[in-house]
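The entries follow the order in which I worked.

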Amino acid sequence: MDHNVTAQDKLYIGGEWRRGRGADITSNFPADGSLNATLPGASVEDVDLAIERAQDAVNDPSWRKLLPHERATYLYKISEGIARHADRISHVQSRDTGKTLTETRALAMSASGTFRYMAAALETMEDALTPSRGNYLTMSVYEPLGVTAGITPWNSPIASDAQKVAPALAAGNAILLKPSSWSPLVCLELARVIEEAGLPKGLFSTLPGAGSIVGERIVTHKAIRKVSFTGGTETGRDIARKAAAKLMPVSLELGGKSPTIVFADADLDLAVAGVMFGIFSSTGQSCIAGSRLFVERGIYDAFVAKLVAATERLKVGHPFEATTQVAPLIRPKHRDEVEEHVAKARADGGKILTGGERPAGSDYKDGTYYRPTIIAGLGNDSRLCREEVFGPVLAVLPFDNEDDLIRQSNNNDYGLASGIYTRDFPKAWRVARALDTGTVWINTYKQFSISTPFGGTKDSGVGREKGRDGVRAWMAQKSLYCDLSQAPHPWAKSAL
Ligand code: NAD
């Protein structure tokens, strides 16, 4: 397999491949810093053109009048196209983000599954005949919103792009996709697949470019009827403020500082494996990373020793090597930020149990590698336990009892996910219901299913994606009243 990516210098705007009119975007391979591609990003004019084409396409009877099962055929074709090109997509994404090929292939197949699921969900969606309060029929029906947008981060692009594009198209909308300028290439692969599937031109555009220019224009443009955003909490807050000004619905999938909990009665091998996967897979660059670990005091020392030993056996390495478990971080500036978090944790009195530095050796010298890091000795109110690091850095803390544990776990601005390890199922159930997070994993972590809604509480976001209702989230509800009496209204009868 050729590990190079094809130089790509055009964007997919309004159904045509065009040179972007914005600033250049550069993509480098995080494993060695080599250049993948430089491409001209999108501009405000490109956004306006994409919106104009999207408005035409979404109102065209050839799309507007399609029956749901006919619309679904496009999504099935896109699903098949992603699966067919999964090798290429995963290589491009690994070059763009430094993730392992194993992970990017799984992300590509997950994106394919998302399109297939949303097509099937669309085919089974029903409108409602509501109980009538008179001699008329009342119905509640769902209709497309019109021109919509998805704004996505760099950490799992093809999967998060699919989670927006698939339900938006299923719902009958047009969608503009604005990926992160740190990972601009994979969205163009998605565009190729969508073009190949024959989706009517204009319904999908992809506009990599600066958030402050391209993203801002998309959010504030009057014609955009919904934005679904995945990214950092502060960006999400800014988007929500702008959306409020134009009364536009938004869904916000934001950051996290997720607690993982190990009770003394847990299967310890299972827990060690789950904790490591939860924080160190994707090199910790995951919104749901289990970055705060609470261990019951009775087993704290033994469990942490076992966890540290296993962590030191993890393979930090090149994204294209099949045995690699921890690949490089996305780019040098991000590694600097991770290092700053670790420096602050040290200054606050944190004890580095393992990691806390770049790996040594010639294999690592040009890449943005960072060793899996475990830090003890800091309280739940420390900066390390409050701020999202978005890197392979785990804080470990002891807890004394269930009440203490729930209070500490919930005492955080974020509420995205959590994990519980115990053999006591009633206890797992009790604690799961008490945790203030959008997802709780029991004796596992980071498992996903497109059929199960996903989203956060508090600073982790608003709204849910996935599941059958995922399509409805991209639709407007309309009420229909149809008179059955065929007689003039009694109120006006005397005047007739
Ligand atoms: P980010 O907020 O910096 O950027 C996300 C996207 O928003 C990018 O496409 C960016 O260009 C765009 N953007 C930036 N400023 C904008 C503006 N003013 N208007 C409109 N768009 C703008 O986030 P990131 O660094 O790319 O991603 C990491 C963050 O994403 C982490 O906080 C992580 O937790 C979060 N995340 C959340 C989920 C989830 O499902 N909850 C999933 C993945 C990542």
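**Ligand shell**

I began with the elements around the ligand: helix H8 (211-220), strand E10 (224-230) and helix H9 (233-245) each supply at least two residues of its shell. Helices (H or I, at least four residues) and strands (E, at least two) are DSSP runs, numbered from the N terminus.

I noted that this is a predicted model, in which local features need pLDDT of at least 70 and side-chain atom pairs count only at pLDDT 80 or more, while totals for chains, interfaces and linings use all residues. Residues are numbered from 1 along each chain as its sequence is written, and side-chain values use heavy atoms, with hydrogens and water left out.

I then looked up the shell itself: 26 residues surround the ligand, where near means that a heavy atom of the residue lies within 4 Å. The closest are Thr152, Lys178, Thr235, Leu254 and Glu388. By class I found 11 nonpolar, 10 polar and five charged residues in this shell. Here Ala, Val, Leu, Ile, Met, Phe, Trp, Tyr, Cys and Pro count as nonpolar, Asp, Glu, Lys and Arg as charged, and the others, Gly among them, as polar.

**Polar contacts**

I listed polar contacts (pairs of N or O atoms within 3.5 Å). A polar side-chain atom of Glu388 lies 2.6 Å from an oxygen atom of the ligand. A backbone N or O atom of Gly231 lies 3.3 Å from a ligand oxygen atom, and one of Gly211 lies 3.4 Å from a ligand nitrogen atom. Taken alone the ligand exposes 850 Å², and the protein buries 84% of that (Shrake-Rupley method, 1.4 Å probe).

Technical notes. Polar contact = N/O pair within 3.5 Å; in protein donor to acceptor, adjacent residues only side chain to side chain.
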